[in-house]
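Thanks for coming, everyone. Please look at the sequence and the structure as I put them up, and then we'll go through a few places.

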Amino acid sequence: MASDLETKAKEAFIDDHFELAADLYSQAISLSPDNAELFADRAQANLKLRNFTGAVADANKAIEIDPSLSKAYFRKGNACYELEEYETAKAAFELGSSLAPGDARFANLIKKCDDRIAEESGDLLDQPLEKASTEVVSVESDQESGQILNEAPNEVTSQLNVKQKYRHEYYQKPEEVVITIFAKGIPAQNVAIDFGEQILSVIIDVPGEDAYHFQPRLFGKIAPEKCRYDVLPSKIEVRLAKAEPLNWTSLDFSKDSTIPKTVTVVSDCYSTHSEGTGSQRPSYPTSKPRRVDWDKLEAQVKKEEKEEKLDGDAALNKFFQDIYKDADEDTRRAMRKSFVESNGTVLSTNWKEVGSKKVEGSPPEGMEVKKWEY
């Protein structure tokens, strides 16, 4: 079935039906989640859709499954180049070149990345304006599909035109940006998060529901190796380590963004400053056009967690956890001893009763305790 979907996806791609191709590849991946080729091919469809962060996420997954797949590095490099992450793109092209030494496209693209990196570092500022403005950027073809992939950086447009299922907020410190995604009761195994040089990719894929994608190109660069995230009962908390201590004026990158302001710490409070301006109190921007009382929000989340209604074993476990948390040391010792010695059939809070004797098991009515024979 997965192979049939893959064939249809390739046909849709050749006919320039890129959205259909991406959807068919997604269906094939759901049936064959360990197929690196499918992720690499969906990355190519995402490139054509200009969903560059999605292409990076797919290429990373393909590389994770099969580190020897050269086309996955090729497509990751293409996507990072479009996102103007030239260092990351160059690294991907270099790895791809080592796996496919006969493919001249990699050397070509590595050189273009070097040129862009040099421009960013100011090494090419002395070039004549006429030369810089008339530079011709070539295009590279993906030989396997026969399609042309434009390698020149273009204005990044809206990458995902889907309605966001979960609300998110964020705030920042001098050294990090903290994003909270309010997704309640999501199992950790259904959350996939990747960090790039200036990319965040969050995918929540719960069986029976449409997958949630949150893949912004970030305002500033981050240190992926220092980033981390936690999946909590009522939210997902993502901590982005800033590459530089700059004040982000928004979460998403924009060509129209103002010059970032340096963040300094004064008397344990955050302040911002820029040349020619005085100190001012910090603002904590969010994805909603209103100010957020973070203390109130945190209290609300804790209240929701405390009042969350559970049933069955979950409710029973929480009941005992609450008892244990607020109990004195003798009560805790009684609970541990009775639970262990009775093989989980007795839970006593009376240390005087259970402390001086072994607690025998007490199975539910209609059941009996049996000892294992070795």
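Start with Gln172. Its side chain makes a polar contact with the side chain of Asn247, at 3.0 Å. By polar contact I mean a pair of N or O atoms within 3.5 Å; within protein, one must be able to donate a hydrogen and the other to accept it, and residues adjacent in sequence count only if both atoms are side-chain atoms. A polar atom of the Gln172 side chain also lies 2.7 Å from the backbone oxygen of Trp248.

A word on the source. This is a predicted model, where local features need pLDDT of at least 70 and side-chain atom pairs count only at pLDDT 80 or more, while totals for chains, interfaces and linings use all residues. Residues are numbered from 1 along each chain as its sequence is written, and side-chain values use heavy atoms, with hydrogens and water left out.

Where does Gln172 sit? It is in strand 3, residues 168–172. Helices (H or I, at least four residues) and strands (E, at least two) are DSSP runs, numbered from the N terminus. Gln172 counts as buried because its relative accessibility is 6%. The cut-offs: buried is under 20% relative accessible area, exposed is over 50%, partly exposed is in between, with a 1.4 Å probe and protein chains only.

Now helix 3. It covers residues 36–48, 13 residues. From first C-alpha to last it reaches 19 Å, close to the 18 Å expected at 1.5 Å a residue. That expected span is 1.5 Å times one less than the number of residues. Helix 3 is mostly covered, with 11 of its 13 residues buried. Among them are Leu38, Phe39, Asp41 and Arg42. At the start of helix 3, a side-chain oxygen of Asn35 comes within 3.0 Å of the backbone nitrogen of Glu37. After helix 3 comes Arg50, with a positive phi near 65 degrees.

Next, Ser342. It lies in the loop between helix 11 (329–341) and helix 12 (351–354). Is Ser342 buried or exposed? Buried, at a relative accessible area of 1%. Beyond its neighbours within four places in sequence, Ser342 is in contact (heavy atoms within 4.5 Å) with Val359, Glu360 and Gly361. Its C-alpha is 7.0 Å from that of Ser362, 20 residues apart along the chain.

Last, the cysteines. How many disulfides are there? The count is 0, taking a disulfide as a pair of cysteine sulfur atoms within 2.5 Å. Take Cys80: its closest cysteine sulfur, in Cys113, is 9.1 Å away, so too far for a bond. Cys80 is buried, at 1% relative accessibility. Cys227 is buried too, at 11%.
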